[in-house]
Amino acid sequence: MEIIPVLSLSENSEKWEAFSSLRKHFKQKFGCQPSFYVRVPGRVNIIGEHIDYCGYSVLPMAVEQDIVAAVVANKNNRLNLTNVDQDFYSDFSTATDALKIDRSAPEWHNYFLCGFQGIVEEYSLKLPLGMDVALQGTIPPSSGLSSSSALVCCAALATAYINSISISKLEIASLCAKSERYIGTQGGGMDQAIAFLAEKGSAKLIEFNPLRATDVHLPAEAAFVIANSCVEMNKAATSHYNTRVVECHLAAQIIAKDNNLEWNTFKKLGDVQKALGVSLEKMPELVEASLHEECYTRKELYEIFHYSPQEFERIFLTDNTIHLQEFKLYQRAMHVYKEAHRVIRFKTIAEERSNVLTDLGELMNDSHASCRDMYECSHPQLDKLVKISTGAGALGSRLTGAGWGGCSVSLVPKSKINQYIEEVKEKFYSNLNKGNLENVIFATQPGGGAVIYKV
C-alpha cells in the first residue's frame, strides 16, 4: 500500500523559506506554530478532456503551483480556517460536528469542508479532532488547473493525518473524487488522482475502475506552456459542467438501448463500449447509427425511455440541471469516443516513436477543436489564445480543465520557449493590463504529488 510521504521540515529544509509567509500568518491568527504542513499540487491535463467521468483514461501531469495548509490540532472541537491569499482573505469557523456545505455559494472554505467531511464520513469519526488551519495557494483560481480539487485533497489529507488515519494514495484519491460531489460537481476523478499519484518527471495515464496510474515519458525536446485566458470559471457555480455529465448519461443509455443491452443499468459511455466489445475507433459509427444531431427534447426522451417527467428528473437530473429542456447527445458522445481514442494515440506515439512533436501537436489541436465545436466547453478568449499560440510556434494548443475559461496548454519545442512566450505576451496579453505575467504564462515540467511536512 503506497501512502503519502511524510517528510521532516526544519529551518535548514528547502521548503522552510517557501512557507515563511504562511507560517507568519498562522502565528498571527492562532498564536502558535503549525505542527505540520500539507502540500497538494495543481495539474494540467495534456489531453483527454471531459472523458474521465465517462470512464476513460486521461493524461495529466502535476504542476509546480500548489495549495499548502499549515495545521495544528486544537482542543475546542472546532475547525478554524484562514486564508492568506488576498483574493480570498477571510476566516471561517465551525464546530467539527456541525458542518454545513452550501452548494448555492461555492466559496473557498466549502471545498475544504468537502475533504474534511469525506474523511469524517468514510471513517465514521464521531468526534474528529479540531484543527486550526491557514491556507495559501499559488494555483490561479478558476483557471482549469484544479485549484478547487487541490483544496479538497489538502483538507482530506490534513484531516486523515491529524486523526492518525493511515490511507493509501489510491484510497484517498478515490475518496476525494467522491467528496467533491458534496458541493454539487459530478466530476470523474482525474484531478484527485493526479494530485496524489503524480511523480516528478513523468506525466501519468490515469485509468479508472479500478483507479491506476501509468508513467508516460514525454519527449525530451517537448515543453508544455500554460497560458491563462484570464476568464475565470468556477465549475460548481454554473450548470455547464453537470449538463455535460447528464448529456453523456443520456447518450450512453440510448446507445445501449439501441444495441439491445440492458440499457437502464448504464451511466457511462465507456461502459457501453466495453459491454458491446467494440473498439474505440468503431464507436463513432454506433453514435451515427443511434443518435441524431438535432437536440433531443424532454418530450422525445420521455417517449424513448417510457419515463414520466418525475421519473426522468429523478434518474438523470441534478439540482442545477433540473431546468434543462434540450440535450445535445450526438455531439457529446462523438467528442467522448474520439477524445478517448486521442489519449491512447498520444501515449503510444509519445513512447514508441522519435521525432513525434508534430503528431502530438496535431492531436492536441484536434482535441481543442472537438472541445470547441462538439462539446462546446471553450470560450472566445480561449479560442483566441489557442489561435495565437499556434501562430507563435506552438505545435499544438488546447484548452485544459473544464473549459468555459481558464487556461490553455501548448506543446512547444524547448528551443523556442522564450520566443513563443514573448510573442503570446505581445499578441494576447498586451491589452489586458495584467502587469506581471510570470504567473499568467509559464513553461512547466511534470511535478510530484501530495506531501506532508512534519515540523
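Does S164 count as buried or exposed, and at what relative accessibility? At 69% relative accessibility, S164 counts as exposed, where exposed means over 50% relative accessible area, buried means under 20%, and partly exposed lies in between (1.4 Å probe, protein chains only).

The model is predicted, so local features need pLDDT of at least 70 and side-chain atom pairs count only at pLDDT 80 or more, while totals for chains, interfaces and linings use all residues. Residues are numbered from 1 along each chain as its sequence is written, and side-chain values use heavy atoms, with hydrogens and water left out.

S164 is found in the loop between α4 and α5. Helices (H or I, at least four residues) and strands (E, at least two) are DSSP runs, numbered from the N terminus. The phi of S164 is positive, about 60 degrees, although S164 is not a glycine. S164 follows helix α4, of which 15 of the 16 residues are buried. The expected span of a helix is 1.5 Å times one less than its number of residues. For α4 (residues 147-162), with 16 residues, this should give 22 Å, and the end C-alpha atoms are 22 Å apart, which agrees.

N260 is found in the loop between α7 and α8 (269-276), and it counts as exposed because its relative accessibility is 73%.

The strands may be considered next. Two strands pair if DSSP finds at least two bridges between them. An open sheet of seven strands has the order β1-β15-β2-β3-β6-β4-β5, and its pairing is mixed. Its edges are formed by β1 (6-8) and β5 (91-95), each with a single partner strand, so one side of each is left without a neighbour in the sheet. From one strand to the next, the twist averages 25 degrees; axes are lines fitted to C-alpha atoms, for helices over the stretch in contact, and angles run from 0 to 180 degrees between N-to-C directions.

Within this sheet, strand β3 (residues 59-74) has 14 of its 16 residues buried, so it is largely enclosed by the rest of the structure. Strand β2 (residues 36-47) pairs with β3 in the antiparallel sense over 10 bridges, and I47 has L59 in β3 as its bridge partner. β3 and strand β6 (residues 130-137) also run antiparallel, joined by eight bridges; here A70 has A134 in β6 as its bridge partner. By contrast, strand β4 (residues 78-83) runs parallel to β6, with five bridges between them, and N80 stands opposite D132 in β6. In a regular strand the side chains alternate between the two faces of the sheet.

Another open sheet has four strands in the order β12-β13-β9-β14, with antiparallel pairing. β12 (396-400) and β14 (441-444) stand at its edges with a single partner strand each, so one side of each lacks a neighbour in the sheet. The twist in this sheet averages 25 degrees from one strand to the next. β12 and strand β13 (residues 407-413) run antiparallel and are joined by five bridges, with T400 standing opposite C407 in β13.

The peptide bond from N209 to P210 is cis, with omega near 5 degrees, and P210 lies in the loop between β7 (203-207) and β8 (212-216). P380 is in helix α14 (residues 380-391) and counts as exposed, at 60% relative accessibility. The C-alpha atoms of P380 and V231 are separated by 9.8 Å, although these residues are 149 residues apart along the chain.

Rolling a probe the size of a water molecule over the atoms shows where empty space is left. On a 1 Å grid over the protein atoms alone, a cavity is a set of points where a 1.4 Å probe fits but cannot get out, and a pocket is an open set with protein on both sides within 12 Å along at least five of seven lines; lining residues have an atom within 4 Å of a point. The second largest pocket has a volume of about 630 Å³, a volume being the space filled by probe spheres set on the points, which are joined across faces, edges and corners. This pocket is lined by 31 residues, of which Y53, R181, G187, G188 and K268 lie nearest its centre. α5 (169-179), α6 (190-197), α7 (240-258) and α11 (309-316) each supply at least two lining residues, and α7 gives the most, with five.
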